[in-house]
Amino acid sequence: MTGALLGGVRAEVGRHRTTAVGVAGLAVGLVAGYLAAVVLAAPAPRPGALEPGELIVLSGADESTGGQRRALIEQWNADPRWPDARLVEVGGGADAHRAEMVRRAQAGGGGVDVYNLDVTWTAEFAEAGWIRPLDESATDTSGFLDKPLATCRYDGRLWALPFNTDAGLLFYHEDLTGPEPPTNLAGIRTITNEVFARPGGPPAGLEAGYTGQLRDYEGLTVNALEAIWAAGGDVVDGDGEVVVDSPATRAALTQLALGMTEGNPRAVLPASLGFDERAGTLAFQDRRVLFMRNWPVAYSQLVSAEAGAAPLRIGTQPITDSVLGGQNLALAAGTDQPEAALRLVEFLTGERSQQLLFERGGFAATRELVYRDAGVRESFPYADDLLVAVQAARLRPVTPRYAQFSEVFRRGVGYALRHGGRLPDGFADALRAALSGSPGGPRLP
Amino acid sequence: MPSPADPGEPPARRDGPDREMVSFVAVSLLSLVTVLAQGVPETFLGWFGAIVGALAGGVAAQSAVVARLLDRGFDVVRVLRTVRWERVRWVLTMLARLTLGLAVCLALVLALPRAVSWARLELDGCPPPVALRLATTAEQLPTARELADAFAEHSDGGHGCRAAAIFVYAADPALTAEAVRLGWGAEHLLSLGPRPELWLPGSTHFTADLSALPVATEVRPVAATPIVLALPPEGTEVGAGPRTRTWAELLGAGERFGWSVARPDPAVSLTGHLATHAMYAGGLPPVDLERRLAQGLDRGGLPLGDELDLLCRHAAGGTTATGLVVTEQQLLRYQRDRELGDPCTPGGRRPPLRAVYPSDTLGLDFPAVRIGWPDASAEQDAQARAFLDWLDTPDGRAALAAVGLRTADRGSDLPAVEFVSAPPPGDQLAATLDAYERARRPGRVLLALDTSGSMAAPVAGTGRTRYDVAAAGIADVLRLRGPADEFGLWAFPRVGGARQLFPISADPLTAQRVETVLRGIRPQGPTPLYRTVADAVPAVRADTSSVQALVVLTDGEDTGSGPSRAQVLDRIRGQGVRVFVVAVGEASCGGAVAELAEATGGTCRQASFDSLPGAVADIFSLLWKGA
């Protein structure tokens, strides 16, 4: 069409050379110049070289054995072809880390190139425009486990690559329970009663059957979701509808609540209401309980605490419907080095890095191949169980308002655990309000 | 495509090439290219907007109104100048239409996102609020949370949505002031937490140096609270009486009537520091005073900590014969059943406490500080200002009153008392702390060091083992020792059959000697933690006026060393020996060791290997350098 236009102009010029040539030339020049300007000003296509400048990765404090994330970044820095990267760590826990990330994102970037996001934050950061989507056609996602990769997606697009994953395991004292652990709380109660009824009485210090993380923090959301899923219930269904108010939910929470207040011995250690991951591990290690729900990292803690002493006979078993944990690496929307940042993310989530992080730091790998590695399987006898658990694990509700959802959910579940499993009035409405962000916000007793 | 007909002959338009179509297509295409060049749309909506915008540009350029306007324009020009404009009229028309079409298209494409975001608010609910960060002291953490929640609830972002949300966390006020001065770098992010826009340090004592900063800060005193003596009702009936007595008179009355007074540690609590200043200024001899206050802590089984620690322990079943030095504000929160800090388990009926107001007391002036970081967004800045402004509104003052603070609003049911809320000059407060350090009782401390196998594990990026880091921290801690302090060192498990590396004594000991002995130890074996604690506490116990303590440094839990938790608890409770635990590695203050510490008026401190030397030093500076 433009050709036709130019043809017209040319004809015009041909016929009225003297009068029209200047104006037509001007017109052609204007149009051509304009086109050249808009095309040249457009974002340049992927160049071969990486943008120079220091890459900043904002993350929570790296508390892994040996600071393996820091070590990995140093490896990246050792390659002269790549711009240097720096891991900036925020102390004070996950909420403090998120507070600093949100601060920088809301201030337009704050010099961050890569965010290390908990899997539940992807949606929030994507929806707010704080991270940039990845071009899936140009990003190699093969080799990643499906579930961790799914936490990187939101609204039909890919926003991050999975850095490490996690899924719950059921730990048990094999010398007390035998090698065939139960799969639900009813079974745990049965075995607990059996152990206590053995001739000679229960082992010294044993108080109850099971412990998990029931303190009022994200751990409670995770444990309550797993309990509800195990009973066949759900909180938010696939269409985003709140379906928490069901017989299955009530049964699951009632069982947990009554497990702490009824029966002798108790099926659930009452002190679990104050337990986080670490405290639960210690109670299990003290043999105050037979069973414990925890993340795989507890295994290393149990084993290294035992150095020099008689080895514990600890069994593990994947939790059938576990919550999927882990963290994802995403490119900050404001980064001025998107190519270099992407390369760094690909490096950190690559096969070799995933293997090192797992082998040395205990971070569960997001790539299936790592689980087949002989060294990994030797260091982590639970690797098979973990892989099964990760593959079967379920995502927490994917919503940009996850933090609000989780807070309301915990308030309701905490109430139920202290009131014999009874859900507070208006629980489902409060969850709906939290998920929809309706003005006025959720209200719960 | 044939060339256009002679522009001078209007009839040619009808049978010649469709000029309108040519310019429509050209303008639409140019519009589309322009829009795409701004960035290829990433959503269906984006593509839709771009194409509709481009077509609209084309249509606009073709509309009859535009054609007539252009014709009129050319007519005017032709009248004015006798040039044969028809020759180039076609080209000019196209250019004019192109410009107009592009303008229409761009206007549409730019307006679309705005319309969509408006529709989204209607459909999708509230947008995320502006997040702020508020640092405060450990003592003020629950108070600051309540204020932040009240502000967030009140903040209006339109449509009933919240405009702001505040993340509240505790950080040491002196370190916070320094970090603000230094621009809150990466090391402060790791050691203190996120960079705050707001700060509630409790007193302008900590904000004195902020005025000379490159960052714009705003310090607004918003409330005040006096330091009081919180007495069980029995106490007030036996002589504490109405509020005409000085601190000296009240302490004297306690002595006569058989009740004691416990004060928060001046080194970690500003309330304790200010109260000490007032007491010393009241003419009480420091040595005598410190002896009595130490008795109060020991008799009440109270921890060496801040005012929340004291109130929390009292809530869990305090003795009736001990009064607590706290702010009126924290006492009100205690009476109103508000939270007393994260480590304090809620629940239970709190034993009653009543306020006695010393006539020569000091108080907190509770400033609200806004730090205007130059790279903050306009919204962050505006919401931080809004928080300070809100504190000065009736709503804000009501929230301050609800957390127990006194504001400019009269009419509360708090008694009218005279007190100075502005802090004494910094050098005077520093002198008080010096005098306190000289007057406090000496410490008799036994340190039990974990030398189990797990301590041989390497520490990230240091090239040293856990044991190396711990040993270096211990040798270092001897610097904190005063001439009257006693020190002993045990290892567990036994090293070569012996666990006593140095017996407890007041003999001087060089860091070098300790280091030499520690260096000769190779960590190995299990962790007989309970056995060690059960044996060590009686070994510390002595008939002295010193503060007696066992400090346990461990990276794991007990590995079945004999006594059970309950047996150890029975053995060490009520012995007058405080058990402190530094938990590193796999050890946790969530477990049994914390129970041991709590039962004896000690504390459990969770530390990383980075912060281990600091944690050990913190405990020893609570205990040592007494006269």
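A compact globule of 627 residues would come out with a radius of gyration near 25 Å, yet chain B has 37 Å. The model is a predicted one, and that goes for everything below. Laid along the principal axes, the C-alpha atoms of chain B take up a box of roughly 120 × 65 × 45 Å. Secondary structure in chain B amounts to 23 helices and 18 strands, and 48% of the 627 residues count as buried. As for contacts in chain B with a separation of 6 or more, 76% come from residues 24 or more positions apart.

Chain A has 445 residues, and buried ones make up 50% of them. Its secondary structure consists of 19 helices and twelve strands. Looking at contacts between residues at least 6 apart in the sequence of chain A, 71% link residues at least 24 apart.

Next up is helix packing in chain B. Two packed helices are described by the angle between their axes and the distance between the axes. Take helix α12 (residues 286-299) and helix α17 (residues 426-439) of chain B: their axes come within 9 Å and cross at roughly 70°. Because of that angle, α12(B) is roughly perpendicular to α17(B). The crossing of this pair, α12(B) and α17(B), is right-handed. On the α12(B) side B:Pro286, B:Val287 and B:Glu290 take part, and they meet B:Ala435, B:Tyr436 and B:Ala439 of α17(B). By type, the residues in the contact of α12(B) with α17(B) are five nonpolar, no polar and one charged.

Another pair in chain B is helix α18 (residues 466-477) with helix α19 (residues 511-519), which pack at an angle of about 160° with axes 8 Å apart. So α18(B) is roughly antiparallel to α19(B), given that angle. Here, too, α18(B) makes a right-handed crossing with α19(B). The contact brings B:Ala471, B:Ile474, B:Ala475 and B:Asp476 from α18(B) up against B:Ala511, B:Val514, B:Glu515 and B:Leu518 from α19(B). Sorted by type, the residues of the α18(B) contact with α19(B) give six nonpolar, no polar and two charged.

Most residues other than glycine have a negative phi, and most peptide bonds are trans. In chain A, a cis peptide bond joins A:Asn264 and A:Pro265, with omega about 5°; A:Pro265 sits in the loop between α10 (247-261) and β9 (266-268). In chain B, B:Phe492 and B:Pro493 are joined by a cis peptide bond with omega about 0°, and B:Pro493 lies in strand β14 (residues 486-495).

On the phi side, A:Asp155 is not a glycine but has a positive phi of about 55°. This residue, A:Asp155, is in the loop between β4 (153-154) and β5 (157-158) of chain A, and it counts as exposed because 12 other C-beta atoms lie within 10 Å. For B:Trp184, phi is positive and near 55°. B:Trp184 is in the loop between α7 (173-181) and α8 (186-191) of chain B, and it is buried because 20 other C-beta atoms lie within 10 Å.

One more loop residue is A:Arg288, located between α11 (277-285) and β10 (289-294) of chain A. A:Arg288 has 19 C-beta neighbours inside 10 Å, so it counts as partly exposed.

How values were computed: Residues are numbered from 1 along each chain as its sequence is written. Chains are lettered from A and ligands numbered from 1 in the order in which they are written. This is a predicted model: local features need pLDDT of at least 70, side-chain atom pairs count only at pLDDT 80 or more; totals for chains, interfaces and linings use all residues. Helices (H or I, at least four residues) and strands (E, at least two) are DSSP runs, numbered from the N terminus. The radius of gyration is taken over C-alpha atoms; the globule rule is 2.2 Å times the number of residues to the power 0.38. Two residues are in contact if their C-beta atoms, placed from the backbone, lie within 7 Å. Axes are lines fitted to C-alpha atoms, for helices over the stretch in contact, and angles run from 0 to 180 degrees between N-to-C directions. Angles under 35 degrees count as roughly parallel, over 145 as roughly antiparallel, 65 to 115 as roughly perpendicular and the rest as oblique. A crossing is left-handed if the near helix is turned anticlockwise from the far one by less than a right angle, and right-handed if clockwise. Ala, Val, Leu, Ile, Met, Phe, Trp, Tyr, Cys and Pro count as nonpolar, Asp, Glu, Lys and Arg as charged, and the others, Gly among them, as polar.
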